[in-house]
Every structure is written in C-alpha cells, then in structure tokens.
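This report describes selected local features of a single model. Please consult the sequence and the structure shown below while reading.

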Amino acid sequence: MEDNFYTEQVTKHGMWWSGNYPSWSEANKECLGYAEEHIVDQIKGIVLRTKDDPNHYERDGCVIGGEPEYAFELLNHIKESAVDGKINLIDFGGSLGTSYYQLRKYLTDYDVTWNIIEQGHFVKIGKETFEDDNIKFYYTMDECLAVTKPNCFISSSVLPYIEDAHSILNEAFEKGFDWILLDRISVIDGVNDLISIQIVPPDIYKAIYPCWFFGEDKLVADIKAGGYEHLKSFDALGGRRFAPRINTSAYRGFMFKKS
C-alpha cells in the first residue's frame, strides 16, 4: 500500500520539493512520515558503521565521505559557546548524532555534553545503542534541562520538517539559551512562509514530508524579537535555488547570541 502511494505521488509531483499548500494538514495528506521504523533502522545502521570512521559520516540517511566542510560555520560558533572549556548544548532533532559524529574530532580540546532532542524511536535507539558520557538523548527540552543546563541551542535541517517550528523557537527563547545556532534552514525571500512537500528519492529511502520554506526576513526578525542579536547569516550546504520549483529557495544558516 505504501509503495503504491509513494509511486503515485512521484508520478504526480516528481522528486524533491513542490507545491504551495494552504496548511500543514493539507500537505500531510500527501506524505509518508520520517518516523517509519525502516528509516530509523537504516539510519541506525549507517551511524554504527561510520561513527568511529574519521573519513565518513552519516547525513540524511546516506554515507558521506570527506570533511564536513559545510558544518564549519556551525562548529566555530559551538566553540564560541564554550564556558571554561566546557560545551553543553541541545541539538534539536539531532537524529542519532549526525552533527555530533561529524564534529567531535574537532572538539577534543573541550569537555562536551551533546544533548539530542528527538522523536521516540530515535531516543529509544539512542539510549540503547549510542549514549555515553558525551552524547545523551531526551524526548523534550524540559526533560534535558532537569538533568543538565545547556547554554546553546542548535538545529540543523530539522525545523523545516516540524509543523509547530515557530513554537519550538519560542520555547528556546523562553529557556534563555545564550546561543541559537541554525544550519541548513530552507528559506525563501521575504516575510511569507510557504508549505511544500518533499519526495525523497527511493535510493535514499521512500518517504514524503511536509516542509516549510520560511520567509527569511521574518525568521530573522522573529528571533531578534525573542531577545537575540543576529550575528551572521550564510549560505549552507545545498546553496541557493536547490529546489527549482520553489522560487528563491535557499539553504541558509543563522547565528544568534542572547542580547
């Protein structure tokens, strides 16, 4: 049934991003979710194969070789967030440690506590298989903050896939993190958000997601209004016009520090 639905959607929409939906619920009617067990198992297998391999890492359910150069902007600001040689951050939507395993070899001079907030399937596998003194898994920010006190909130290529993404950012403002670091955020020019769907090619895995393209000016203004200084914006991995059917699409990164 799911294979038939996926094939029908590919025929209707083509691959990758398309559409301009009036609501998340309308877009979701045409989607297959990220939390499907086979996808989680695929990512688990890739992370297990690559986490101790300095020349490869997992990203978006694929094995990637070489240096994660695109992540160095994020890395530099993570280092800036250190207090007395200690890095303590929340990685919202951090999968099974995608960013952590990419960047940890560059953080050996720091005492690192990398706290991942994720969906239930990921947290369960994370706790059972990957958790150690440096990487921890939690279901919510509140659960994490009851155990430790991170001063930095990061999220990479995740908020566009969350219906209440703006509420997540508001929660981060309320927690009072010193730093908010966003990487690979899908945006469009202006102040209006757009809801599309993304069809993932089957050679990666069969899935279809609703996806925000945030109005870049509005996103920056909202975070500044939450009490943060806008330090920097930059082109992230994927660059501009990565979604040709979404006018002015771009992957961007944003760095903010509490005012």
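## Helix 1 and its surroundings

In helix 1, the residues Tyr6, Gln9 and His13 are buried, where buried means under 20% relative accessible area, exposed over 50%, and partly exposed in between (1.4 Å probe, protein chains only). Viewed down the axis of helix 1, the buried residues fall within an arc of 65° and so line one face of the helix; the arc is that of the directions from the helix axis to the C-beta atoms. An α-helix has 3.6 residues a turn, so residues three or four places apart point the same way. On the other side of helix 1, Asn4, Glu8 and Thr11 are exposed. Helices (H or I, at least four residues) and strands (E, at least two) are DSSP runs, numbered from the N terminus.

Helix 1 has 12 residues and reaches 16 Å from its first C-alpha to its last, close to the 16 Å expected at 1.5 Å a residue; the expected span is 1.5 Å times one less than the number of residues. The cover over its buried residues includes strand 1 (16–18), strand 9 (194–200) and strand 10 (207–215), with contact meaning heavy atoms within 4.5 Å. Just after helix 1, Gly14 takes a positive phi of about 80°.

## Basis of the values

This is a predicted model, in which local features need pLDDT of at least 70 and side-chain atom pairs count only at pLDDT 80 or more, while totals for chains, interfaces and linings use all residues. Residues are numbered from 1 along each chain as its sequence is written, and side-chain values use heavy atoms, with hydrogens and water left out.

## Strand 4 in the sheet

Strand 4 (residues 86–92) is mostly covered, with 6 of its 7 residues buried. Strand 4 pairs in the parallel sense with strand 5 (residues 111–117) over 7 bridges, and also in the parallel sense with strand 7 (residues 152–156) over 3 bridges. Two strands pair if DSSP finds at least two bridges between them.

Ile90 takes part in both pairings: Ile90 stands opposite Asn115 in strand 5, and its bridge partner in strand 7 is Phe153. Strand 4, helix 5 (residues 98–103) and strand 5 make a right-handed β-α-β unit. A crossover is right-handed if, with the strands pointing away from the viewer, the path from the first strand over the helix to the second runs clockwise.

## Helix 9 and its packing

The buried residues of helix 9 are Glu216, Leu219, Val220 and Ile223. These residues cover an arc of only 95° around the axis, which puts them on the same side of helix 9. They pack against helix 8 (165–175), strand 8 (179–188), strand 10, strand 11 and strand 12. Helix 9 is followed by Gly227, whose phi is positive, near 105°.

## Salt bridges

The model has 11 salt bridges, each defined as a side-chain nitrogen of Lys or Arg within 4 Å of a carboxyl oxygen of Asp or Glu. One of them joins Lys12 and Glu30, whose closest N and O atoms are 3.2 Å apart. This pair links distant parts of the chain, since Lys12 lies in helix 1 (residues 2–13) and Glu30 in the loop between helix 2 (24–28) and helix 3 (37–50), 18 residues apart. Lys12 counts as exposed at 55% relative accessibility, whereas Glu30 counts as buried at 15%.

The side chains of Arg252 and Glu216 meet in a salt bridge of 3.1 Å, N to O. Arg252 lies in strand 12 (residues 250–258) and Glu216 in helix 9 (residues 216–225), so the pair ties together parts that are 36 residues apart in sequence. Arg252 is buried at 11%, and Glu216 is buried at 12%. Glu216 and Arg252 are also linked with Asp235 and Arg240 in a network of salt bridges. Within helix 9, Lys218 forms a salt bridge with Asp222 at 2.9 Å between the closest N and O atoms; being 4 residues apart, the two are separated by about one helical turn.

## Ala243

Ala243 is found in the loop between strand 11 (228–240) and strand 12, and is buried with a relative accessible area of 1%. Ala243 and Trp16 are 227 residues apart in sequence and 7.3 Å apart in space, C-alpha to C-alpha. Not counting residues up to four places away in sequence, Ala243 touches Trp17, Phe213 and Ser249.
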